[in-house]
Amino acid sequence: MRESTFSFWQDTDFNTRSDEPLVPAGDAYQGQAGEEESWLFEATADDGTYLNVQMTVYDREGRVGLTLFRPGHEAVTREITTAFTAASSHLDLQAGGVRARQEGEYFSLQWLEGDINLDLKFQPLLAGWQPGGGRINYGEKGNKYFIWNVPVPRALVSGTLEVAGDRSSFQGNGYHDHRRYNFLLDEAMAGAYLGRFYAGDYTFLWAAFRGNRLYSGQEITALYLARKGQELRSSGNLTLQVYEQENKNGIDFPVEVSLQAGVVPPSGVTLKDPMVLATGALSRLGARSLYCRHRGALKIAAQPELTLAGQGITETLVAGKN
């Protein structure tokens with residue numbers, strides 16, 4: 001059973017109900033009028049390689065962005081705007097030479113545009129997850145909503161990367177989430193802070209969505225902890241403490257931060273030493289994001305206490321005009 005919290009403005013679908021299982025159709029293109037949908041695919045390797053591909057659809061227009069960071073190379077960024085095709089029964093979205101789809105138990109990601117040739121397979125190591133029903137309601141009667149779920153909390157990623165004829169193999173960790181919202185984000189939100197942390201067999205995910213002045217800066221939070229293929233915790237009881245932050249491209253992001261889960265046994269993640277990897281602004285409804293890689297540690301106050309070093313990827317999302 002999900003451990004839950006509730007305040008007067010939090011939607012019960014997100015933080016007071018038991019988690020609802022994800023189904024393939026939920027990750028497909030929904031096509032609701034006035035709604036923006038975004039699919040994020042991310043892959044990290046032990047050698048420091050980082051790949052971020054985001055596909056966003058609004059008003060029947062597709063925008064796709066790619067960032068590839070490889071140690072010893074210049075960062076590669078690409079962006080295209082084009083028509084798209086999509087299935088409704090499962091994830092199968094194509095925009096130009098970029099395609100993301102679910103094939104049985106696997107997910108695939110291809111980018112065949114310009115000098116980029118990317119072909120990756122995501123083999124999920126954990127079942128999909130969402131906090132409660134995955135939906136936060138804003139405005140009167142919830143007429144504004146933000147939906148967030150994670151079809152792939154962690155995956156084994158393998159395949160090939162080719163940039164301007166330089167071809168290499170890839171193997172590492174992967175992550176995929178799906179977001180939907182139907183309002184200009186700064187009408188209700190100041191921003192969000194999301195992340196994933198991998199330490200050995202442990203996976204720690206979190207999200208904190210912060211309301212704007214209308215909502216007194218209140219946060220709706222969610223966390224997820226798993227070991228190997230088993231979910232250990234899902235809760236809205238998460239406390240974030242930022243000790244230091246910096247600014248890049250107009251976005252303030254944490255340099256050192258503590259995420260403490262009020263669960264039993266107590267657990268949490270501390271992050272520091274960020275490296276900015278990517279910034280993105282594909283949204284038509286006012287979302288700008290900055291991605292960092294952090295060193296950190298996972299602590300679980302069991303007997304004896306467990307402390308594991310690991311690597312985290314964080315996203316600082318700012319609501320407002322690009």
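The following conversation walks through a predicted model of one protein chain.

Trainee: What should I know about numbering and confidence in this predicted model?

Mentor: Residues are numbered from 1 along each chain as its sequence is written, and side-chain values use heavy atoms, with hydrogens and water left out. Because the model is predicted, local features need pLDDT of at least 70, and totals for chains, interfaces and linings use all residues, while side-chain atom pairs count only at pLDDT 80 or more.

Trainee: How many helices and strands does the chain have?

Mentor: Helices (H or I, at least four residues) and strands (E, at least two) are DSSP runs, numbered from the N terminus. Counted in that way, the chain has one helix and 21 strands.

Trainee: Why is the chain said to be as compact as a globular protein of its length?

Mentor: The radius of gyration is taken over C-alpha atoms, and the globule rule is 2.2 Å times the number of residues to the power 0.38. For 322 residues that rule gives 20 Å, and the chain is as compact as a globular protein of that length because its radius of gyration is close to this, at 18 Å.

Trainee: What percentage of the residues count as buried?

Mentor: A residue is buried under 20% relative accessible area, exposed over 50%, and partly exposed in between, with a 1.4 Å probe and protein chains only. Of the 322 residues of the chain, the share that counts as buried is 52%.

Trainee: Which residue forms a salt bridge with Glu35?

Mentor: A salt bridge is a side-chain nitrogen of Lys or Arg within 4 Å of a carboxyl oxygen of Asp or Glu, and the structure holds 13 of them. Glu35 lies in the loop between α1 (12–15) and β1 (36–44), and its partner lies in strand β12 (residues 166–181), so the pair ties together parts that are 145 residues apart in sequence. Glu35 counts as buried at 5% relative accessibility, and the N to O distance of 2.9 Å is to Arg180.

Trainee: How far apart in space are Gly286 and Leu184?

Mentor: Gly286 has its place in the loop between β19 (267–280) and β20 (287–300), and it is buried, with a relative accessible area of 11%. Although Gly286 and Leu184 are 102 residues apart in sequence, their C-alpha to C-alpha distance in space is 5.9 Å.

Trainee: Which residues are in contact with Ala192, leaving aside its neighbours within four places in sequence?

Mentor: Ala192 sits in strand β13 (residues 189–199) and counts as buried at 3% relative accessibility. Its C-alpha atom is separated by 6.7 Å from that of Val318, 126 residues apart along the chain. With contact meaning heavy atoms within 4.5 Å, the residues that Ala192 is in contact with are Ala208, Phe209, Glu315, Thr316 and Leu317.
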